[in-house]
Amino acid sequence: MSAPLDYYLTELHTLAAIGKRREKFYKKLVGERFIDLLWHLPTQLSFRTKIDNIQEAPENTLVTFEATVELHQPGLRRRSPYRIWMRDNKNNRFELLFFNAYDRFLQRVAPEGRKIGISGQLKCDRAHDTVRYHMSHPDFMGPLDEMGKWIGAERIYGLTAGLTRSMVASVIDQVIKPSKEMPEWITDSTYPSFLNALKNVHQPQVYENLNFTDPSRQRLIFDEFLAYHLGMALSNRRTKPKVISKNTYVPKLGAQLEALLPFKLTNAQISAIAELRGDMQNGQQMVRLLQGDVGSGKTLVAVMAALDVADQGLQTAILVPTEILSRQHAAKIGELLQPLGLTVAMLTGREKGKARDKVIETIKSGEATIVVGTHALLEDSVIFQNLGLVVIDEQHRFGVEQRLALASKSKTAHILSMTATPIPRTLVLANHGDMDVSILNEKPLGRKIIQTKVISVDRLDEVIEQIKAIMSKGRQVYWVCPLIEESEKSDLAAAVARCDTLREIFGDKVELMHGRMKGPEKDAAMQRFLSGEATLLVSTTVIEVGVDVPQATVMVIEHAQRFGLAQLHQLRGRVGRNDIQSFCLLLYGQPLSFQTMRDCHDGFKIAEEDLRLRGGGEIIGTKQSGVPKFRLCDLIQEDPDDATFLEGLFAKAHNMANEALKNDPDLSSSQGLALRELLILHEYDNAELLRKSG
Ligand code: ADP
Ligand code: MG
């Protein structure tokens, strides 16, 4: 590691100006390291103008001028302000106002009779024919020879409670001053160097400097894109076996399972399984993405691959984003594999102590053929006896880091990523350039299109009548609300409140589930719904990914306008999982067009429409949209020209990452070594990644 890199990785609390006391504020605002602070870019500019006297002061601008202190007038009562009467160069009188003032400080910097410099926002009250000038809490006041510093452009940073503008600006300056140049990792010499870019972005002079077209800003954004692509490429990279030995195993367990299934595999499933087998039999490491709309039966394809791996005595890990999904997968897969005499283990954050040790033991001993789990699987203490396949379900919910961590459990395991989220066209190449893709473009036979209706919340009574009728036929209903508590500020229907009203009608047939419930409570709720004991599940979006209850045929979504279309499509995918006609009812507060949702059932088209409609700013559902989040720039832009520009930059970074890896697969050249440092700066420094690359 180079010395400059060490500097950028230094922890912020080591600065006296931050220390243990302010560390938490900075952690919240930017992160923990110097570089995190330096990547906190100014968002606005204001300008301070020098004026001769207060009559020259333009409205609503910051001004700097000389004035003489005439009289101090401490507040009479506790709450009244401390005043200082001043006269400017033209003998105009005005007052400075201080609330909660430190008297002694004011007497020291502004003693009566002295001429001093002042800077801040001057206010002017006109009443009848009198004019009163005043300034509350000047930004600066002090000796005349300091005034030069209070003129010109001034950057404004985003803040968090506990920090002020000038605190943040001064800490940034303090950190940037001794910063050193990093070794160069980009090959495009039109950009300023890393250090110069950092220095420039913190000294904006004109508004254009705040835009991503500014070369310095762009360089830093480009760096971030580059690190991302490099991380992606490395995490998707195959570990190339030295000798490619064909591995023409005969799938036995898979054939047994197929014979036991109560249904036939769809043609799409059959060909996907064949593609997976093709990969695994040719002796190479499989790195494949299985893309299929909600309900297309991806889990079963993954299980079939796991069985092929089990035929050879190897284990499979299935990583899922939520505990609910983990439990559901473990139960369903366990059921499927029981007749084959295979064991499925599960590990989530909730298994603790002895229970956890026991699971870990079955993983280590090889007793567990398939291990389903959440992030808990990634911990170092989880060791597989012989991992043959890693399945990442809902892969867009995981970051590069997590994917790397799981892959690091075995250098040779096959990797199968699965997603229902259609990835926008512009990102497919970027995210999966090196992956093979299988697509499930067909739903199991007999599935009907889910009828989608858009209904005003005024017609709630009718909706309730409808679901009453449906529930009386033994079908089940999901009812999704966006928030869990009624907050004073919003009139959103909260899940808790909605549950209460629905219980008045349907009694204990109603179950409630939300993100703040504890794990076991969630399980119990889900279990009651799965078993059919409860027929109406009121919930927040915790149910959104992967949950599979075939008897559920109605999905009610309140405040549908709060969701992104892609997210609505995911939610809608919870129903229509058997051959009964299913419904999705979108309730809205204000009228809004959901034409796309009504008419379109193709998740890919929906995702593109979603991006187009939502544009920037709106975060709800970004997680679902498959668009990665960046700290220096949002890839989703409202203005189509901006969007095109950034996509271009993103693509350029993709090319540069690929080019660099092609020329220097081990990242051992001077550019390669510099790129390693870039990865570390951007926290893609998983050991495996660096190991894999050399
Ligand atoms: P997703 O692709 O959204 O992950 P799942 O794997 O959860 O979908 O499958 C949805 C449902 O379809 C499950 O209940 C599963 O058992 C069922 N299923 C899977 N394949 C078939 C098939 N070929 N025929 C009928 N039902 C199937
Ligand atoms: Mg699934």
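Which residues does L226 touch, not counting residues up to four places away in sequence? Before I answer, please note that this is a predicted model. With those sequence neighbours set aside, L226 touches W185, I186, A653, M656, A657, L675 and L678.

L226 belongs to the largest nonpolar core, which has 64 residues. Within that core, the residues that touch the most other members are Y8, W185, F194, L198, L226 and L681. Several elements give two or more residues to this core, and they are α1 (3-9), α2 (19-29), α3 (34-38), α5 (165-176), α6, α7, α22 (640-663) and α23 (670-681). The most comes from α7, with 11 residues. There is also a second, separate core of 38 residues, and I273, L276, L342 and L389 are included in it.

Next, the helix pairs. Two packed helices are described by the angle between their axes and the distance between the axes. Take helix α6, residues 194-201, and helix α7, residues 215-235: they pack at an angle of about 125°, and their axes are 8 Å apart. Because of that angle, α6 is oblique to α7. The crossing in which α6 passes α7 is left-handed.

Which residues meet there? From α6 we have F194, N196, A197, L198, N200 and V201, and from α7 we have S216, R217, R219, L220 and D223. Sorted by class, this contact of α6 with α7 has five nonpolar, three polar and three charged residues.

By class, the contact of α9 with α10 divides into nine nonpolar residues, one polar and two charged.

Now a strand residue. V63 lies in strand β2, residues 62-73. Is V63 buried or exposed? Its relative accessibility is 0%, so V63 counts as buried. Apart from neighbours within four places in sequence, V63 is in contact with T49, I51, A57, P58, I118, S119, G120 and L122. As for G152, it is 89 residues from V63 along the chain, and the C-alpha atoms of the two are separated by 9.8 Å.

Last, the loops. Most residues other than glycine have a negative phi. N91 is not a glycine, yet it has a positive phi of about 70°. N91 sits in the loop between β3 (82-88) and β4 (93-98). With 52% relative accessibility, N91 counts as exposed.

H137 is another non-glycine with a positive phi, in this case about 40°. You will find H137 in the loop between β7 (130-136) and β8 (140-142). Its relative accessibility is 38%, so H137 counts as partly exposed.

That is where I will stop.

Conventions. Residues numbered from 1 in each chain as written. Chains lettered and ligands numbered in written order. Predicted model: local features only at pLDDT ≥ 70, side-chain atom pairs only at ≥ 80, totals over all residues. Heavy atoms only, no water. Axes fitted to C-alpha atoms, helices over the stretch in contact; angles between N-to-C directions. Helix = DSSP H or I, 4+ residues; strand = E, 2+ residues; numbered from the N terminus. Parallel < 35°, antiparallel > 145°, perpendicular 65-115°, else oblique. Left-handed = near helix turned anticlockwise from the far one by under 90°. Contact = heavy atoms within 4.5 Å. Nonpolar A, V, L, I, M, F, W, Y, C, P; charged D, E, K, R; others polar. Core = buried A, V, L, I, M, F, W, Y, C linked by side-chain atoms within 4.5 Å. Buried < 20%, exposed > 50% of the residue type's maximum accessible area, 1.4 Å probe, protein only.
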